[in-house]
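This report describes one protein structure for a reader who is new to the subject. Please keep the sequence and the three-dimensional view at hand while reading.

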Amino acid sequence: MKRSEVNRIICEAAEFIAGFGHVLPPFAWWSPEEMRARRSDIEAIVSARLGWDITDYGQGEFRRLGLFLFTLRNGRAADLIQGSGMCYAEKLMISRENQLSPMHRHIVKAEDIINRGGATLAIEMFSSDASGALDPAAEVVVTSDGLTRRLPAGGVLRLAPGESVTLMPGNWHAFWGEGGDVLIGEVSTVNDDRTDNIFRDPIGRFAKIEEDEPPLHLLVSDYDRWV
């Protein structure tokens, strides 16, 4: 992805999020220079990888295959292991109309996916077999707002604004906006996008950035190089 495209997506996403009454934390608006200047104060932001996250999964077709994310908070893996402390994470995401977030599962993370507003969120789902691979035949059983939902393998669960689904480790899922763009909330256990995403197809989690203009704000994938 070109940095100019990333900058444009950030501006569009900020406007979309604000349209639903959500306010991002102050660090969202810091420039790269301010983040570098405050490096000694922002270890919690950098280590938890809080902030802007825009991916085309390394495929170069963001409008077709991509996702916008902003990580608001993220706990510590050590706390999750010991079972106490900051064991949770929260994100805002935007899935554009017919923009696919590809089929994947998580090893550790359990997550509530919530339609926070906009159009319908469509989620295609499969179960895992004993090895963790996608099972093309097994029924999918999930909880949606306290109700048990059963779908055939590859079934699509559609969430209207306000509705949610709980996905456990091993629940394969892909999703997209249906009938328009969707603002999505994610509340989960501690999140590590570098190690905990298993994709069905051989793709990457993060975009490769072509620096055709200066960054407006840094992505979480920029932190290692920029700060």
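Leaving aside its neighbours within four places in sequence, with which residues is Ile 113 in contact?

## Basis of the report

The structure is a predicted model, in which local features need pLDDT of at least 70 and side-chain atom pairs count only at pLDDT 80 or more, while totals for chains, interfaces and linings use all residues. Residues are numbered from 1 along each chain as its sequence is written, and side-chain values use heavy atoms, with hydrogens and water left out.

Contact here means heavy atoms within 4.5 Å. Apart from neighbours within four places in sequence, Ile 113 is in contact with Met 93, Leu 121, Ile 123, Leu 159, Glu 163, Ser 164, Val 165, Leu 167, Ile 184, Gly 185 and Glu 186. Ile 113 belongs to strand S5; helices (H or I, at least four residues) and strands (E, at least two) are DSSP runs, numbered from the N terminus. With a relative accessibility of 3%, Ile 113 counts as buried. The terms of exposure are set with a 1.4 Å probe and protein chains only: buried is under 20% relative accessible area, exposed is over 50%, and partly exposed is in between. Ile 113 and Lys 91 are separated by 22 residues in sequence and by 9.7 Å in space, C-alpha to C-alpha.

Ala 89 lies in strand S3 and is buried, at a relative accessible area of 4%. Although Ala 89 and Val 187 are 98 residues apart in sequence, their C-alpha atoms are 5.9 Å apart in space. Not counting residues up to four places away in sequence, Ala 89 touches Arg 73, Asn 74, Glu 186, Val 187, Ser 188, Thr 189, Val 190 and Asn 191.

## Helix H1

Helix H1 comprises residues 3-18, which is 16 residues. From its first C-alpha to its last H1 reaches 23 Å, close to the 22 Å expected at 1.5 Å a residue; the expected span is 1.5 Å times one less than the number of residues.

The buried residues of H1 are Arg 3, Val 6, Asn 7, Ile 9, Ile 10, Ala 13, Ala 14, Phe 16 and Ile 17. An α-helix has 3.6 residues a turn, so residues three or four places apart point the same way. The buried residues of H1 pack against strand S1 (51-55), S2, strand S3 (88-95), strand S11 (172-189) and helix H5 (223-226).

## Cysteines

A disulfide is a covalent bond between the sulfur atoms of two cysteines. Here a disulfide is counted as a pair of cysteine sulfur atoms within 2.5 Å, and the count comes to 0. Cys 11 is partly exposed at 43% relative accessibility, whereas Cys 87 is buried at 19%.

## Positive phi in two loops

Arg 49, in the loop between H3 and S1, has a positive phi of about 55° although it is not a glycine. Arg 49 is buried, with a relative accessible area of 13%.

Tyr 57 is placed in the loop between S1 and S2. The phi of Tyr 57 is also a positive value in a residue other than glycine, near 55°. Tyr 57 counts as buried at 4% relative accessibility.

## The largest pocket

Pockets and cavities are found on a 1 Å grid over the protein atoms alone: a cavity is a set of points where a 1.4 Å probe fits but cannot get out, and a pocket is an open set with protein on both sides within 12 Å along at least five of seven lines. Lining residues have an atom within 4 Å of a point. Grid points are joined across faces, edges and corners, and a volume is the space filled by probe spheres set on the points.

The largest pocket holds about 420 Å³ of space. It is lined by 24 residues, and those closest to its centre are Ala 48, Asn 74, Gly 75, Val 190 and Asn 191. Helix H3 (43-48), strand S2 (67-74) and helix H4 (77-82) each supply at least two residues of this lining.

## The cavities

There are 3 cavities of 30 Å³ or more. The largest cavity has a volume of about 140 Å³. Of its 19 lining residues, Leu 67, Leu 69, Ser 101, His 104 and Asn 197 lie nearest its centre. S11 gives the most to this lining, with 3 residues.

The second largest cavity has a volume of about 70 Å³. H1 gives the most to the lining of this second cavity, with 4 residues.
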